[in-house]
Amino acid sequence: MRKKPHGAAVPMIAVHRKGEKPLHRQIYDAFRAMILERRLQPGQQIPSTRALADELGISRIPVLGAYAQLLAEGYIESRSGAGTFVTSSLSDQFLSARPAVASVVNDAAPDAISRVSKLLPLEGTPWFLGSGAFSVGQIAYDHFPFRVWSDLVTYHARRVRASSMNYADPMGSLEFREVIAAYLRTARAVNCDSSQIMVVNGSQHALDLSARVLLDPDSPVWIEEPGYVFLRHTLMLSGCRLVPVPVDCEGLDVAAGVKLCRNARAAYVTPSHQYPLGATMSAARRLQLLEWAHSSSAWIVEDDYDSEYRYESMPVASMQGLDPGSRVIYIGTFSKTLFPSLRLGYMVIPPALVSRFLAVRQTNDLCPSHLYQAALADFISGGHFTRHVRKTRQLYAERRNALAQALRKEFGSEIDRSEMEILGAEAGMHLVVTLPSGLSDQKISARAAEEGLWLWPLSAAYAGAKVRQGFILGFGGTKADEMLHQVRRLRKAMRNESGYRGRA
Ligand SMILES: Cc1ncc(COP(=O)(O)O)c(C=O)c1O
């Protein structure tokens, strides 16, 4: 007969003897989640190893292993003669830094329908819908070299051959891939040749493919917190477990990631320009992340979405180029440098994974369309791409300066008193302005959208607790001399929605 446990109540833990995870890991994960979610409170007694083993009907060895790990990591403490307890000194700060993780980690919904229903309904997030002042991702359309571009598109559209009309290589056209590989080796210090390049329909497509190839339902995955909402959705759909890892001024906090979940299967990062807060990942952090990936056999997905635009220094080299062991999947896009509706991007795949990506792509959309690949290959080889990036870098620097100045002019005293902050203006095509406490960025954004002003709320970029309120402001599509006017409209939207008068 099984002995009844006494003393501490035995928490509900489901263990699967034939599960993929070893028993000690299942027990460890269950306790850790219960502690982080406060279902087990600091100071609360937990059952003895013998009682738990009895209750679960398993040997004591895996329970001892799990408890040893929880002890070593400081989640539990043993008091001689009294038993084992959830560490009482786990501060509120420790716990409150993590509810986001716990809740999101548990968010891995069991079936596809409930996963889909968790995606943001677009009608509830009107700021994603429009294009105009401050819309993130908007480019300077009026400065695009349409004449050259349309000549190339027309030329290739008229040059009809069987090879341009048939199903083609799922990796993309060889000529285009060679041009991309040469560009990436030179401009982004990416270690690659054309056999590793896959042409995709923008980086969102690449993020989705990477999730399909690399992740199992339930795989833990590090994402940046705050981070890119449409990456989060892709991963949520895959059924993996999101582990939001905080970012600071050096990018993703790798040590925090290791503490939260050492065994994550992959880390999705934007090291050149963290989205949305704008940090550039420091060299020390890059090496730390690579070291973690190698030691845990994890993958790093490097989303290099806007690195061509850097204003105070040269563009920083890719992280992929630092990786001696092919653990990085590198993703880039022409959405920022050319225009987003082009839907052309690329990924650089480690050689060992190429055939898997190829197989998944074939089930996904067979192959990329021919026409724009051919036109863009010529556009790049003819030097137009480099020229356009150089020109727009200058232009976006002016727009960025104009936006920062306008924000200072309108919100100067709040910025001086540190109630508001401008973040991440050194690179890319957006910056972040944080809000004084008490204001709701989502309410203001919804009101502003009714007036044709597209403010992406910073709080929506958080998977867990909405740590900061603010706006992600795209400046690429707004002329420098209109910036002050648009910032005044922003201030008006703040006043209309929340009665905000500010101090200026
Ligand atoms: C961080 C990040 N990743 C990926 C993308 C998606 O870009 P694409 O248009 O190439 O799908 C964006 C678009 O703004 C982005 O900000």
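The lining of the second largest pocket holds eleven nonpolar, ten polar and three charged residues. Here Ala, Val, Leu, Ile, Met, Phe, Trp, Tyr, Cys and Pro count as nonpolar, Asp, Glu, Lys and Arg as charged, and the others, Gly among them, as polar. This is a predicted model, where local features need pLDDT of at least 70, side-chain atom pairs count only at pLDDT 80 or more, and totals for chains, interfaces and linings use all residues. Residues are numbered from 1 along each chain as its sequence is written, and side-chain values use heavy atoms, without hydrogens and water.

The second largest pocket contains about 660 Å³ of space. A pocket is an open set of points on a 1 Å grid over the protein atoms alone, with protein on both sides within 12 Å along at least five of seven lines; a cavity is a set where a 1.4 Å probe fits but cannot get out; lining residues have an atom within 4 Å of a point. Points are joined across faces, edges and corners, and a volume is the space filled by probe spheres set on them.

This pocket has 24 lining residues, and Val-136, Gly-137, Tyr-228, Lys-336 and Trp-456 are the closest to its centre. Helix α10 (residues 203–214) gives the most to the lining, three residues. Helices (H or I, at least four residues) and strands (E, at least two) are DSSP runs, numbered from the N terminus.

Now the cavities. The whole structure has four of 30 Å³ or more. The largest cavity holds about 130 Å³ of space. Of its 15 lining residues, Glu-224, Gly-227, Tyr-228, Leu-231 and Tyr-268 are the closest to its centre. β5 supplies the largest share of this lining, three residues.
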